[in-house]
Amino acid sequence: MDWDEATQYRVKRVVHKGRWVPIIMQNKNGPCPLLAICNVLLLRGNLAIHPDYAVVSFDHLSNIVSDYLVESNMVNHPGTQMSDVEFNVNDVISLMPTLQYGLDVNIKFA
């Protein structure tokens, strides 16, 4: 895999609660919401990245998070129509491309 700083992220392994866990490092674009989501899910053990991967692409991260969303929402939700759950999951998945870049926040103090 060729290294592209804008769309690929380095993987670092850390010990968390007695086990080696991959975490995703930010690239030249700085922090992005998808990395935060991935790192939380990786630390919780909900996502996995192959141990041989030293670099992962934005597309790969989007795919594994999307798969997780679909799989974790296949459970029956009492009092909720499955079509509503599917609609919400599809809405979140459609937002994935916007999660690649950090949020631009301008804080103005009066």
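Contact is defined here as heavy atoms within 4.5 Å, and axes are lines fitted to C-alpha atoms, for helices over the stretch in contact, with angles running from 0 to 180 degrees between N-to-C directions. Helices (H or I, at least four residues) and strands (E, at least two) are DSSP runs, numbered from the N terminus. The structure is a predicted model, in which local features need pLDDT of at least 70 and side-chain atom pairs count only at pLDDT 80 or more, while totals for chains, interfaces and linings use all residues. Residues are numbered from 1 along each chain as its sequence is written, and side-chain values use heavy atoms, with hydrogens and water left out.

The mean pLDDT of the protein (the predictor's confidence in each residue, from 0 to 100) is 83, and 83% of the residues score at least 70.

An open sheet is formed by three strands in the order S2-S1-S3, with antiparallel pairing; two strands are taken to pair if DSSP finds at least two bridges between them. S2 and S3 are the edge strands, each pairing on one side only. On average, neighbouring strands of the sheet are turned by 40° against each other, direction ignored.

Strand S1 (residues 8–16) is joined to strand S2 (residues 19–24) by six bridges, and the two run antiparallel. Within this pairing, lysine 12 stands opposite isoleucine 23, valine 15 opposite tryptophan 20, and histidine 16 has arginine 19 as its bridge partner. The hairpin of S1 and S2 has two residues between the strands, and lysine 17 takes a positive phi near 55° in this hairpin. On the S3 side, three bridges join S1 to S3 (residues 55–57), again in antiparallel fashion; here arginine 10 is bridged to valine 55.

Two helices lie across the sheet strands. H1 lies across S1 and S2 and runs at about 170° to S2, whereas H2 lies across S1, S2 and S3 and runs at about 75° to S3.

H1 (residues 33–44) and H2 (residues 58–72) also pack against each other, at an angle of about 55° and with their axes 11 Å apart. H1 is therefore oblique to H2, given that angles under 35 degrees count as roughly parallel, over 145 as roughly antiparallel, 65 to 115 as roughly perpendicular and the rest as oblique. The contact involves Leu34, Leu35, Ile37, Cys38 and Leu41 of H1, together with Phe58, Leu61, Ser62, Val65 and Tyr68 of H2. By class, nine of these residues are nonpolar, one is polar and none is charged (Ala, Val, Leu, Ile, Met, Phe, Trp, Tyr, Cys and Pro count as nonpolar, Asp, Glu, Lys and Arg as charged, and the others, Gly among them, as polar).
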